Amino acid sequence: ANAVRRILLSDVPTMAIEKVHIYQNTSIMQDEVLAHRLGLIPLKADPRLFKWKEPDAKDEGTEEDTLEFFLSTKCKRNPLRNEAGEGPYVEHHVYTKQIQWVPNGSQAEKMAAPGPVEDDILINKMRPGHEMEFKLFAVKGLGRDHAKFSPVATTFYRLLPQITIIKDVFDNDALRLQKCFSPGVVELEPTEDGRKKAVVVNARYDSCSRNVYRHNDLKECVVLEKIKDHFIFNVESTGAIKPTEMVPMAMQILIEKCDLYLQEIDDENK
């Protein structure tokens, strides 16, 4: 399970901006800081459509290994600034929606328009006279080389909790027991004699707080365990690849790694 988590973080490839050609930057943000910010913008582009770029290849690359983008903007004073609802400047905030894809070769026929996963990611703030003009080149990479290539914002797992009530708990005691767990774990079920009995409805919601051990009379009524072979994964994508696609990709990479080392063992034993 942890191998899958680590592969999701570092071995599932994505596309990210690797090279930035800066033709004009008169904003207050330094060139290297801007290039770093641009590199961290997640891109919606299927990495399976691209080859790995050779280390000594030109920045422009080829249509098979590189995506090219263009960003050009200049801040000006708003001629309508004295009218109601108008701001003093035009294009003073630079967002990812201003990044334009430049198809290379037959890329436009092979893929839907790639670009930033969100249009409203703020890149820079400018004032009149400030100007930016860039060419951006995105390549395929791995999170183990740089975090910008990692397809997940976070991924973690936990074991499925198992909660067993071994002694019946009623009324006020049942209400106290219910409050010891996250909402939805324990509910109060009416009995035939008009009382309320605590029952476990969905242990999956439990956050393992162990608050029940604060009550000496209740801790003897419950057994808290975890199912050792049932993992609950949480995969939060950056938007570049859907989690439903990312997890099978991680599984396949794990299988390939296992096959590689099994082959190494077989070769050693010959």
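Analyst: The largest nonpolar core has 23 residues, and Leu38, Leu67, Phe69, Ile99 and Ile123 touch the most other members. A nonpolar core here is a set of buried Ala, Val, Leu, Ile, Met, Phe, Trp, Tyr and Cys residues joined through side-chain atoms within 4.5 Å. Buried means under 20% relative accessible area, exposed means over 50%, and partly exposed lies in between (1.4 Å probe, protein chains only). Strand 1 (14–25), helix 2 (31–39), strand 3 (67–74) and strand 10 (131–141) each give this core at least two residues. Strand 10 supplies the largest share, 4 residues. Helices (H or I, at least four residues) and strands (E, at least two) are DSSP runs, numbered from the N terminus.

This is a predicted model: local features need pLDDT of at least 70, side-chain atom pairs count only at pLDDT 80 or more, and totals for chains, interfaces and linings use all residues. Residues are numbered from 1 along each chain as its sequence is written, and side-chain values use heavy atoms, with hydrogens and water left out.

Now Ile99. Leaving aside residues up to four places away in sequence, Ile99 touches Leu38, Ile41, Phe69, Phe70, Leu71, Pro116, Ile123 and Leu136. Contact means heavy atoms within 4.5 Å. A second, separate core holds 15 residues, including Leu177, Phe181, Val185 and Leu218.

Next, the rings. The whole structure contains 2 aromatic pairs. Rings of Phe, Tyr and Trp (its six-membered ring) pair if their centres lie within 6.5 Å; planes under 30 degrees apart are stacked, over 60 edge-to-face, and the rest tilted. Tyr157 and Phe231 pair edge-to-face, at 5.5 Å centre to centre and 80° between the planes. Tyr157 lies in strand 11 (residues 152–165) and Phe231 in strand 14 (residues 222–237), so this pair ties together parts 74 residues apart in sequence. Tyr157 is partly exposed, at 29% relative accessible area. Phe231 is also partly exposed, at 38%.

Tyr157 and Phe233 form a tilted pair: 5.2 Å centre to centre, 35° between the planes. That pair also links distant parts of the chain, with Tyr157 in strand 11 and Phe233 in strand 14, 76 residues apart. Phe233 is partly exposed, with a relative accessible area of 33%. Tyr157, Phe231 and Phe233 make up one aromatic cluster.
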